[in-house]
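Please read it with the structure open.

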Amino acid sequence: MKKSSIIPDPDIDRVNAKLKQSEEALRRSKECFSKAEKIAHLGYWEWDMATNELIWSDEVYRLYGLDPEKVVPTYETVVSTLSAETRDWFIKAIDDAINNNAPFEGEYALTRPDGSLIHTHTIGEVFRDKNGKPLSMFGVVQDITERKKADKLLLENLRLEAADKAKSEFLSAMSHELRTPLNAVIGFSELLKMNTMGTLNEKQENYVDNIRYGGKHLLNIITDILDLSKIEAGKMELTIEKTSLPEAIDETINLMNEDAIKKKVTFIKELDPQIVFIEADKQRLKQIFFNLLSNAVKFSKEEGGTVTIAAKKERDMARISVSDTGIGIIEEDLKKLFREFEQLDSGIGRKYGGTGLGLAISKKLVELHGGKIRVESEFGKWTSFIFLLPMTAHEGGFAEADYTSPRTK
């Protein structure tokens with residue numbers, strides 16, 4: 001007996017091959033769709049009104065925090081997750097969509113079984129037969145919790161910016177109001193000191209000195225607050241001009257000489273002859289020097305010491321440092337130095353006074369010039385403030401250069 005043989009049918013093979021390709025394409029499509037849902041936190045749902053069957057995609061199960069192997073979704077399942085207020089809106093919106101052809105779209109919060117709260121955005125459409133009878137409703141739901149958090153943070157930031165602007169404007173207005181009478185107090189005390197209104201006795205002279213000193217001290221604080229508020233409000237304008245660096249330093253030292261003599265502090269200058277002129281706002285440059293030199297003198301040791309002002313040209317930048325042999329700063333306090341109204345500790349605040357604005361303003365002024373400032377210190381021995389400024393204004397901006405303290409070289 002002969003064995004029968006089966007002859008392969010090439011048409012069937014082609015059909016099977018195409019079927020496998022279609023199955024693979026469908027599997028791949030479902031896989032990509034599932035990934036897209038997960039990435040977008042967006043799932044779909046379909047509600048069959050005749051059978052009341054509700055179908056969820058995998059992402060909707062995840063969104064509701066439910067296990068697809070254990071939970072059969074229903075309309076009641078969705079409603080049970082909503083707060084009383086949201087539940088009323090949801091039921092009415094579904095009813096309006098079905099009975100009044102109203103659009104169904106909105107945001108609502110829901111509570112998962114684990115107690116976590118998420119925010120969602122959903123949109124759906126009712127499908128009807130040719131007579132207008134509703135058959136099903138199809139829609140999508142998206143987890144927008146992170147977006148809501150971002151929106152809330154943005155609104156909070158805008159609120160803080162508005163409050164900060166209002167504060168700056170208030171400080172600016174109040175500072176002007178205070179400076180006018182203070183200038184009168186200082187001016188008249190100086191006239192009394194000059195004996196233009198008659199000779200003062202010793203006790204009266206002491207009183208006038210106290211008035212004059214207190215008025216100037218208060219005026220300096222108000223001026224600092226005004227400058228800070230202007231910078232923060234973006235209203236500080238620099239008058240850039242060709243400025244003699246040695247001249248700006250000398251003029252500032254002259255202002256500090258009286259205090260330096262009282263504290264037994266000697267100024268030393270180490271100026272690079274290559275760096276005579278820079279393009280800067282001279283008044284603001286002197287303000288930076290004044291704040292740094294004031295700090296150096298104020299925090300000198302009881303036996304006195306030295307303050308060294310050094311300037312050196314490095315590529316297109318001027319590296320300037322103010323270094324002292326004072327009490328120094330502990331390492332953990334270095335990061336506090338440039339914060340507004342910050343004192344290193346209450347003990348220093350009580351002993352040396354001040355508002356903590358000088359260094360904060362200096363930092364902002366350096367940065368307005370396109371520069372950068374830093375500080376190094378060894379507690380009990382020395383402190384050095386180093387800042388870089390562009391030599392020419394049009395080149396502005398901080399460039400990496402030698403940015404170390406002269407004491408660490």
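1. Overall surface and make-up. The accessible surface of the protein chain comes to about 25000 Å², and 55% of it belongs to carbon and sulfur atoms. Accessible areas come from the Shrake-Rupley method with a 1.4 Å probe, and for residues only the protein chains shown count as cover. The chain has ten helices and twelve strands; these are DSSP runs numbered from the N terminus, with helices (H or I) of at least four residues and strands (E) of at least two.

2. Basis of the values. This is a predicted model, in which local features need pLDDT of at least 70 and side-chain atom pairs count only at pLDDT 80 or more, while totals for chains, interfaces and linings use all residues. Residues are numbered from 1 along each chain as its sequence is written, and side-chain values use heavy atoms, with hydrogens and water left out.

3. Of the 409 residues in the protein chain, 36% are buried. Buried means under 20% relative accessible area, exposed means over 50%, and partly exposed is in between (1.4 Å probe, protein chains only). Among contacts (heavy atoms within 4.5 Å) between residues at least 6 apart in sequence, 62% join residues at least 24 apart.

4. The largest nonpolar core. A nonpolar core is a set of buried Ala, Val, Leu, Ile, Met, Phe, Trp, Tyr and Cys residues joined through side-chain atoms within 4.5 Å. The largest one has 43 residues, of which Leu245, Phe267, Ile278 and Phe387 touch the most other members. Helix H8 (residues 282-298) gives the largest share of this core, seven residues. Neighbours within four places in sequence aside, the contacts of Ile278 include Leu245, Leu285, Ala318, Leu389 and Met391. Glu241, Lys242 and Thr243 are also among the contacts of Ile278.

5. Met137 is in strand S5 and is buried, with a relative accessible area of 0%. Neighbours within four places in sequence aside, Met137 is in contact with residues including Trp45, Trp47, Met49, Ile94, Ala97 and Phe104. Gly124 is also one of the contacts of Met137; the two are 13 residues apart in sequence and 6.7 Å apart in space, C-alpha to C-alpha.

6. Salt bridges. A salt bridge here is a side-chain nitrogen of Lys or Arg within 4 Å of a carboxyl oxygen of Asp or Glu. By this rule the count comes to 22. One of them joins Arg62 and Asp143, with the closest N and O atoms 3.8 Å apart. This pair links distant parts of the chain, Arg62 being in helix H2 (residues 58-64) and Asp143 in strand S5 (residues 134-143), 81 residues apart. Arg62 is partly exposed at 33% relative accessible area, whereas Asp143 is buried at 16%.

7. Two further pairs. Lys92 forms a salt bridge with Asp96, the closest N and O atoms being 2.9 Å apart. Both lie in helix H4 (residues 84-99), four residues apart, about one turn of the helix. Lys92 is exposed, at 54% relative accessible area. Asp250 pairs with Lys269, with a closest N to O distance of 2.6 Å. That pair links distant parts of the chain, from helix H7 (residues 245-262) to strand S7, 19 residues apart. Asp250, at 30%, and Lys269, at 43%, are each partly exposed. Shared partners also join Glu107, Arg147, Lys148 and Asp151 into one network of salt bridges.

8. Where does Asp272 lie? Asp272 is in the loop between strand S7 (265-271) and strand S8 (277-280). Asp272 is buried yet has no salt bridge, and the nearest side chain of opposite charge, Lys312, is 6.6 Å away. For charge, Lys and Arg count as positive and Asp and Glu as negative, with His and the chain ends not counted. The side chain of Asp272 reaches the backbone nitrogen of Gln274 at 2.9 Å. Beyond four places in sequence, Asp272 is in contact with Ala311, Lys312 and Lys313.

9. Backbone angles to check. Asn52 is not a glycine, yet has a positive phi of about 65°. Asn52 sits in the loop between strand S1 (42-48) and strand S2 (53-56) and is partly exposed, at 36% relative accessibility. Arg315 also has a positive phi, near 55°. Arg315 is in the loop between strand S9 (305-314) and strand S10 (317-324), and is exposed at 58%.

Methods:
Polar contact = N/O pair within 3.5 Å; in protein donor to acceptor, adjacent residues only side chain to side chain.
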